[in-house]
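Let's take a friendly walk through a protein model. Keep the sequence and the 3D view at hand as you read.

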Amino acid sequence: QEGWYRKWVMEMLQIAKPGAPVIVEQVSPPLCEAQFDFGGVAQDFWKKDTQLAALIEPNSVILEQSSLIPKRYHVFMLKKKDAKKKNDNDDDKGP
């Protein structure tokens with residue numbers, strides 16, 4: 001479950017502009033904690049995952065409990081302002 005969420009959010013971070021917010025809504029707890037739901041990730045995942053940490057502003061992760069579905073939550077984070085896509089400088093190289 002963590003791998004899927006990591007990959008999904010990293011895709012969103014890849015297309016987001018530097019400094020832009022990335023929001024994930026209605027995240028379920030892990031399946032082992034909430035067998036009634038589809039399976040998600042624990043809330044501490046967002047602050048502990050080292051691959052995501054390399055792409056987001058430190059201390060920008062904000063969690064909020066869902067008011068619609070009990071035990072679910074929302075995540076807000078900011079893409080690093082200095083984050084660059086791979087090959088950002090390729091346009092400057094010329095023919």
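A residue is called buried when its relative accessible area is under 20%, exposed when that area is over 50%, and partly exposed in between. At 40% relative accessibility, aspartate 44 therefore counts as partly exposed. Please keep in mind that this is a predicted model.

Start with helix 1, which runs over residues 2-15. Its 14 residues reach 20 Å from the first C-alpha to the last, close to the 20 Å expected at 1.5 Å a residue. Which residues of helix 1 are buried? They are Tyr5, Arg6, Val9 and Leu13. These residues cover an arc of only 100 degrees around the axis, so they sit on the same side of helix 1. Turn to the other side of helix 1 and you will find Trp4, Lys7 and Ile15 exposed. The buried residues of helix 1 are covered by parts that include strand 1 (21-27), helix 2 (45-48), helix 3 (50-53) and strand 3 (73-78).

In soluble globular proteins, nonpolar side chains tend to be buried together. Here the largest nonpolar core has 17 residues, and those touching the most other members are Val9, Val27, Val41, Trp46, Val75 and Met77. At least two residues of this core come from each of helix 1, strand 1, helix 2 and strand 3. Now look at methionine 77: leaving aside neighbours within four places in sequence, its contacts include Val9, Trp46, Ile56 and Val61.

**Salt bridges**

Side chains of opposite charge can pair when their charged atoms come close. How many salt bridges does the structure hold? There are three, listed here:

| Aspartate 49 | Arginine 6 | 2.6 Å |

Aspartate 49 forms a salt bridge with arginine 6. Because aspartate 49 lies in the loop between helix 2 and helix 3 and arginine 6 in helix 1, the pair ties together parts that are 43 residues apart in sequence. Both aspartate 49 and arginine 6 are buried.

Aspartate 37 is buried at 11% relative accessibility, and arginine 72 is buried at 13%.

Lysine 48 counts as exposed, at 61% relative accessibility.

Methods
Residues numbered from 1 in each chain as written. Predicted model: local features only at pLDDT ≥ 70, side-chain atom pairs only at ≥ 80, totals over all residues. Heavy atoms only, no water. Helix = DSSP H or I, 4+ residues; strand = E, 2+ residues; numbered from the N terminus. Expected span 1.5 Å × (residues − 1). Buried < 20%, exposed > 50% of the residue type's maximum accessible area, 1.4 Å probe, protein only. Arc of directions from axis to C-beta. Contact = heavy atoms within 4.5 Å. Core = buried A, V, L, I, M, F, W, Y, C linked by side-chain atoms within 4.5 Å. Salt bridge = Lys/Arg side-chain N within 4 Å of Asp/Glu carboxyl O.
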